[in-house]
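Dear colleague,

I am passing on the structure below, and my notes on it follow. Please read them beside the coordinates.

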Amino acid sequence: MSSDTQTQHDVQEILRLGQQRMARVMPDTDWQSATRKRGTAGVATMARPDRKQEAWRYTPLGFLDQAEFQPIVEGPFDALQLSDIDDLMLTDPPRIRLVFVNGYLASGLCAMAKSADGVTLSSLAGGLGEVPAMLRQQLDAIAEHNHVFAALNSALMSDGALIHLAAGVHLDGPIEILHVSVGLEQPGICHPRHLIVLEDGARAEVIERYCGLGDGAYFTNALIEVSLGSDSELLHQRMQEESPHAQHLSDLQVHLGARSLYRLTLAALGGAWSRNDVRVTFGGEGATAELDGLMLARDRQFNDVHLDVRHEVPHCTSRETFKGILDGSGRVVFDGHIVVARDAQKTDAVLSNRNLMLARSAEVDTKPQLEIYADDVKCSHGTTVGELDPDMLFYLRSRGIPADQAKQMLCQGFAQEVFDTMASQALRARAGQLLASRLLTSTPEQGER
Amino acid sequence: MSSTSKQVDALVERGYEHGFVTDIETDVIPPGLDEDVIRFISQRKQEPEWVLEYRLKAFRHWLGMTPPVWSSVHYPQIDFQAISYFAAPTKKPVLESLDQVDPELLRTYEKLGIPLEEQKALSGVAVDAVFDSVSVATTFRKNLADAGVIFCSISEAAREHPELLREYLGSVVPHTDNFYAALNAAVFTDGTFVYIPRGVRCPMELSTYFRINAQNTGQFERTLIVAEEGSHVSYLEGCTAPQRDENQLHAAVVELVAMQDAQIKYSTVQNWYPGDAQGKGGIYNFVTKRGDCRGARSKISWTQVETGSAITWKYPSCLLRGDDSVGEFYSVAVTKGHQQADTGTKMIHLGRNTRSTIVSKGISAGDGQQAYRGLVRMAQRAENARNHTQCDSLLIGDRCAAHTFPYIEVKNPTAKVEHEATTSKIGDDQLFYCRSRGLSEEDAVSLIVNGFCKEIFNELPMEFAVEAQKLLAISLEGAVG
């Protein structure tokens, strides 16, 4: 019942082209070959997702038929100057910054302040020197191929940041991973692959950003593995500000050790089509995950977040707060799946999804799910969909604030709860500005009430 | 309802059984399903030609379908050729007195508070001839006829009200709707037709107790209720007493049509055989229920208490087409032992200012598996539509499971949708409080659970609500401690 051979073909075609070029350009690094093989095998066995598959029920993949995505195999963008990406920089740039251009490390743009002992930074393609054994072993350790694109990433992974913190190391200040995509003549596809490993008791802050330079069309297919040891702590801030014609798919897979703390803030603001899969697995007791996210969809933007939180062990806590803002003919899809395994007693999970619809032609499809196999648990989820409170609008307008601005203020306030969970002040400010500017530029519809 | 009228109800049902069983005993056909079987059914039911055509069309469509597999219920594959599609229910031997009845069953009746005469009726004991059930039934029938209400079996409707049946049969649940609805459309043998004329308020609660062809649990039951403009009807289905049935698969279809300003209230209490301790042999209850609010300001309300069956798989739904129409769904589902339930509702908001309320309470004990699965869809035209959904699950025991899968699709910004769900076990502090006041553990659990379900019981017709509360307490006996 899956798609016919012709539609299946495009994913296979991406794989074939990618492998062809990779063979020419990249020397096969032995330690990656197992991952690539597993990915190739996965692509061969997995069909392209379609609406019949529950996890892709609301996710349209029509764009795959419209463009032939060419593999981007090398980064011919060493020519890119720091000044070119000035607009993309945070006001208070982190002292450690890894910049990837079209999926490949651009060493000229990176900032590498001396970090504490026990912090290892490396890049998948070897741009920062030989990849240490401990990172090699961890690659692909927790990645699951939940869909064909994850397998595609494993088969064709281009480059990415590999971060390792030894036990007990506390990192001062954030590490920034900045992706810059430049549209090519032919829409390209790249497969960034990141790995973040925190050993027991380590603490770090990571900022991960995906930006577009110009408004080219391209497809980012990222996979991020995060492994947290016991008592470790990671503040993970992700911002998707891709170009308005880009497709962005990222699959974040997190494994939590005992008593670890994982805090994720996701701001998905850009792209024509965006899907973020987040899978968090509790592997040790007493761990906590706090996941917050904001999805913006305006003017035919499609913005999709799929959460899969797996409470496999007792005494873990998770909090999920995701908000959607819809304008124009934007569409938001939210799927929040929480599973509490048998015997994962004393689980405490609260999920909330709230959506603000500003326009007639927008659409929200939301599906919070609880799957519970243990009895001594506290789980709940709540969802709302609605428009701006007319009383609030009236209040602001009665104080002389124009309708557009009032609307924007209220949206800003709605989003602030999510942005406030970002540890980085500079990132918070940027998220706020981006949201404001995007809300302003969206065309008000005729006949709006 | 007073106990006398309960006795009457039981007797009405009982009395009918007598006349009916002998009548159809000769009609048993061997297992298997093909067009000849369908022709046979149609012929025995003396149906008009178009009904046969309808059945055949459904059957041909069904042949091209595969059983759905998306639910979270698990059961061995059903062999549809191993089912006899027109078998008279096995005639129960008439017993001399209650002494011959399974004492376990009697204890259950006792706890439910079922009056003695009714107990006899339910367990198949001969009853005093003083209660002339036939005349009682006739009285009811006369009352209904005076009001202009048509209340008869679906086969009778096919013969006597063909024009009405033809207009509405399959108009809410088409034969193409799903696998089991198609099967039902092909082979339905039993069921009820209710027609409430314009402006009429049905003078009594219609219940399958009263039904004129009281063969209670048809395997492929088909119910059709049409409420014309401004009319009002309340329909009760099922029974709190344990129902045993030889047929394992039940694939019923219920269609409700509410015209402008009409109101239909449909209440179900289901307590079919859940199977033995290992979950073997229980009923599979796969039902398609849908109501169509066709006119402005119409209202359809579903209330269900599901405690029986090995598998309950149904989603009573409302299609809110008329402006200002209202849909409601109130549900209590209990799963224990190895019972499974996948139930919920669909509220499809098409008209302006449509409103829907969903309150679902799931109680899972032992190895019970339970899922709420629901859809709320706000179409683009559904201006100012409103939905509130609340799904709560109560877990008793560490082997049970409770899931919530709500789907929410909104295409209109003025629509407001709220969904909330919680899952928890009975609070130790609540239990402790009750125990410290001298309640036994079982009574305490019963008290807490009944409080948990109160919102739903309030929606049931009074006499059902009382029985449902007791039923719940019995269902959960031994689940704690």
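With 21 C-beta neighbours inside 10 Å, B:D261 counts as buried, a residue being called buried if 20 or more other C-beta atoms lie within 10 Å of its own, exposed if 12 or fewer, and partly exposed in between, with C-beta atoms placed from the backbone. This is a predicted model, in which local features need pLDDT of at least 70 and side-chain atom pairs count only at pLDDT 80 or more, while totals for chains, interfaces and linings use all residues. Residues are numbered from 1 along each chain as its sequence is written, and chains are lettered from A and ligands numbered from 1 in the order in which they are written.

B:D261 lies in the loop between β7 (253-258) and β8 (263-270) of chain B, where helices (H or I, at least four residues) and strands (E, at least two) are DSSP runs numbered from the N terminus. Although B:D261 is not a glycine, its phi is positive, at about 60°. Most residues other than glycine have a negative phi. B:N384, which is not a glycine either, has a positive phi of about 55°, and is found in the loop between β17 (369-378) and β18 (386-396) of chain B. B:N384 is partly exposed, with 15 other C-beta atoms within 10 Å.

**Chain B and its helix pairs**

Chain B holds 12 helices and 20 strands, and 53% of its 481 residues count as buried.

Helix α3 (residues 49-63) and helix α9 (residues 179-187) of chain B pack at an angle of about 145° with their axes 7 Å apart; axes are lines fitted to C-alpha atoms, for helices over the stretch in contact, and angles run from 0 to 180 degrees between N-to-C directions. On the α3(B) side the contact is made by B:Y54, B:R55, B:A58, B:F59, B:H61 and B:W62, and on the α9(B) side by B:A182, B:L183, B:A185 and B:A186, where contact requires that the C-beta atoms, placed from the backbone, lie within 7 Å. These residues divide into eight nonpolar, one polar and one charged, with Ala, Val, Leu, Ile, Met, Phe, Trp, Tyr, Cys and Pro counted as nonpolar, Asp, Glu, Lys and Arg as charged, and the others, Gly among them, as polar.

The axes of helix α11 (residues 441-457) and helix α12 (residues 462-475) of chain B come within 10 Å and cross at roughly 145°. Here B:S446, B:V449, B:N450, B:C453 and B:F457 in α11(B) meet B:A465, B:A468, B:Q469, B:L472 and B:A473 in α12(B), a set of seven nonpolar, three polar and no charged residues.

β20(B) is joined to β18(B) by 10 bridges, and the two run parallel; strands are said to pair if DSSP finds at least two bridges between them. Strand β20 (residues 416-425) of chain B also pairs with β22(A), in the antiparallel sense and over seven bridges. A:C379 stands opposite B:T423, while B:E420 is the bridge partner of A:G382.

The contact of the chains takes 31 residues from chain A and 29 residues from chain B. On the chain A side, β21 (363-372) and β22 (378-386) each supply at least two residues, and β21(A) gives the most, with 10 residues.

With kind regards

Methods: Contact = placed C-beta atoms within 7 Å.
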